[in-house]
Amino acid sequence: MTGSRTLVLIKPDALKRRLSGEIISRFEHKGLKIIAMKMVKLNKDQAEKHYAVHKGKPFFSDLVSYIISSPIIAMVLEGRECIQVVRNLLGATDGSKAAPGTIRGDYSNGIQYTLVHASDSEESYQHEVSIYFNNQEILDYQIEGENLI
Ligand code: CMP
């Protein structure tokens, strides 16, 4: 394994707006490595498990309804300081405050429809990844020269 890992979801609003390719490109251009990827439609239990940390907040039920409203793309990315690097690429949760050049800074102006989710810590990653992938689906592979990126 080269670096750390994070769990990324390309959410229903991004699919609806046909932004998946653009978003994946940003991660690839940064030099992060896709080591797992699938399209999945969550059920309510999975969504509540994923967002358990937000249970009790006023937006919790809307958040669950939204994430199960259409298929999403789940990915595991790997790279140096991956968790922080991906969060930097996403920008602030509130699109109106996200810096230009970040994904949300360029494509979102709200706080509910944030286009992408990414783990905010190693602990969140461990919790989240098990909802989407088993160990066989996460590929530990090397491509010659990849460390030059
Ligand atoms: P995400 O990164 O998936 O993690 C939690 C999600 O909750 C967030 O993106 C938003 O979609 C949503 N969210 C966060 N804050 C608010 C808020 N104040 N009102 C509505 N939705 C929110």
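Let me start with I143, which is placed in the segment that follows α7, the helix spanning 122–132. Please keep in mind throughout that what we have here is a predicted model. Together with L139 and Y141, I143 makes up a nonpolar patch on the surface, and the accessible area of these three residues together comes to about 270 Å².

From there I would like to turn to the ligand, whose space is the largest pocket in the model. Around the ligand we find K11, Y51, H54, F59, L63, R104, I111, Q112, T114 and H117. Which of these have a side-chain N or O atom that can be given a distance to a ligand oxygen? For K11, a side-chain N or O atom is 2.7 Å from an oxygen atom of the ligand, while for Y51 the corresponding distance to a ligand oxygen is 2.5 Å, and for the side chain of T114 it is 3.1 Å.

Finally, a word on charged pairs: a search of the whole structure gives eight salt bridges, and one of them joins the side chains of R5 and E78, with an N to O distance of 2.9 Å.

Conventions:
Residues numbered from 1 in each chain as written. Predicted model: local features only at pLDDT ≥ 70, side-chain atom pairs only at ≥ 80, totals over all residues. Heavy atoms only, no water. Patch = residues over 30% accessible without salt bridge, like charges linked within 9 Å, V, L, I, M, F, W, Y side chains within 5 Å. Areas by Shrake-Rupley, 256 points an atom, 1.4 Å probe, with all protein chains shown as cover. Salt bridge = Lys/Arg side-chain N within 4 Å of Asp/Glu carboxyl O. Helix = DSSP H or I, 4+ residues; strand = E, 2+ residues; numbered from the N terminus. Near = heavy atom within 4 Å. Polar contact = N/O pair within 3.5 Å; in protein donor to acceptor, adjacent residues only side chain to side chain. 1 Å grid on protein atoms, 1.4 Å probe; cavity = no way out; pocket = protein on both sides within 12 Å on 5 of 7 lines; lining within 4 Å. Sits in = over half its atoms within 2 Å of the grid points.
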